[in-house]
Amino acid sequence: MIPQSISFRFSSNSFAFSPAVTSRSLAAPFHRSPSSAALSFIRFPNYRSALPPPRSSVSKSKSVQVQAMAAEDGKDPRLARISSAIRVIPDFPKPGILFQDITTLLLDTKAFKDTIDLFVERYKDKEISVVAGIEARGFIFGPPIALAIGAKFVPMRKPNKLPGKVISEEYSLEYGTDIMEMHVGAVEAGERALIIDDLIATGGTLGAALRLLERVGVHVVECACVIELPGLKGRERLGDKPLFVLVDGDA
């Protein structure tokens, strides 16, 4: 149904859109900064900006503005583009969850390249020989990083997904347990590894990957994610292992 009216708002430092009059409003407005104009518009597929707007946060159904942050100083201008390209889906996969969807980031070739470049710049001189990607979204970011830094890519998979002989690590979920597996012989003792995933929430999967690699004598240099939900305290499950993230999903 087409609205009867459309309202426009302009400001010097923000750009936003939201339905003026519609029969069904999709979501709360999203805000992108930096931008030079602001526009209130009708129903549009839940984007924060003209670029796709964040995977899951257990916050209430309030509008969450995902802010980019460098793990070090938060000043790299590429982070704003990455942040604005991540879409938030409210109440998915269940009510009360704000799902941070990186598929819209993949549609923005500039933001996707910036994401890979930031990781490559950080790890290219750290003598890493293994990039371990956690199923499934770690498989998206891991291989291009591995190729760029001259490392091999090792998939960390759910049970019964790898065809060869595997080594397994069990980890706890909110309700029950799960298992992570890696092929025997994929890594060697003494190798230096980076573990990559799209998001850290409670830290269960990252912690399992870390323990699995350390059990076979691999030195994990660092864990890295595109998004962190600090309120869920996933870092605490990594012990003293450093974590590098680009976007704070709770901000």
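Student: Leaving aside neighbours within four places in sequence, which residues is Ile-82 in contact with?

Tutor: This is a predicted model. In it, Ile-82 is in contact with Leu-105, Ala-111, Asp-114, Thr-115, Leu-118, Val-226, Leu-246 and Val-247.

Student: And which residues touch the most other members of the largest nonpolar core?

Tutor: Ile-82 and Phe-119 do. That core holds 31 residues.

Student: Which elements each supply at least two residues of it?

Tutor: Helix H1 (78–84), H3, H4, E10, E11 and E12. The largest share comes from H3, with six residues.

Student: What's in the second core?

Tutor: The second core is separate and has 26 residues. Among them are Met-156, Val-187, Ile-195 and Leu-206.

Student: Switching to rings. How many aromatic pairs does the structure hold?

Tutor: Five. Take Phe-112 and Phe-141 as one case. Their ring centres are 6.0 Å apart.

Student: Why is that pair called edge-to-face?

Tutor: Because the planes sit at 85 degrees, and over 60 counts as edge-to-face.

Student: Where do Phe-112 and Phe-141 lie?

Tutor: Phe-112 is in helix H3 (residues 109–123) and Phe-141 is in helix H4 (residues 138–149). The two parts are 29 residues apart in sequence, so the pair ties them together.

Student: Is Phe-141 buried or exposed?

Tutor: Buried, at a relative accessible area of 0%. Phe-112 is partly exposed, at 22%.

Student: What about Phe-139, which ring does it pair with?

Tutor: Phe-153. That pair is edge-to-face, with 6.0 Å centre to centre and 90 degrees between the planes. It links distant parts of the chain: Phe-139 belongs to helix H4, and Phe-153 to strand E7 (residues 152–156). They are 14 residues apart.

Student: What relative accessibility do those two have?

Tutor: Phe-139 has 24%, so it counts as partly exposed. Phe-153 has 27%, which puts it in the partly exposed class too.

Student: Which residues form a ring cluster?

Tutor: Phe-119, Tyr-123 and Phe-244, linked by ring pairs.

Student: New topic, H5. What span should it have?

Tutor: Helix H5 (residues 204–215) has twelve residues, so at 1.5 Å a residue it should span 16 Å. Its end C-alpha atoms are 17 Å apart, which agrees.

Student: Which H5 residues are buried?

Tutor: Gly-204, Leu-206, Gly-207, Ala-208, Ala-209, Leu-210, Leu-212 and Leu-213. One of these, Leu-206, is also in the second core.

Student: Which unit does H5 make with E10 and E11?

Tutor: A right-handed β-α-β unit. Strand E10 (residues 192–200) pairs with E11 in the parallel sense, over eight bridges.

Student: What stands opposite Ile-200?

Tutor: Glu-228, in E11.

Student: How many residues of E11 are buried?

Tutor: Nine of its ten. Strand E11 (residues 219–228) is mostly covered.

Student: And how many bridges join E11 to E12?

Tutor: Five, and those two strands run parallel. Strand E12 covers residues 243–248.

Key: Residues are numbered from 1 along each chain as its sequence is written. This is a predicted model: local features need pLDDT of at least 70, side-chain atom pairs count only at pLDDT 80 or more; totals for chains, interfaces and linings use all residues. Side-chain values use heavy atoms; hydrogens and water are left out. Rings of Phe, Tyr and Trp (its six-membered ring) pair if their centres lie within 6.5 Å; planes under 30 degrees apart count as stacked, over 60 as edge-to-face and the rest as tilted. Helices (H or I, at least four residues) and strands (E, at least two) are DSSP runs, numbered from the N terminus. Buried means under 20% relative accessible area, exposed over 50%, partly exposed in between (1.4 Å probe, protein chains only). The expected span of a helix is 1.5 Å times one less than its number of residues. Two strands pair if DSSP finds at least two bridges between them. A crossover is right-handed if, with the strands pointing away from the viewer, the path from the first strand over the helix to the second runs clockwise. A nonpolar core is a set of buried Ala, Val, Leu, Ile, Met, Phe, Trp, Tyr and Cys residues joined through side-chain atoms within 4.5 Å. Contact means heavy atoms within 4.5 Å.
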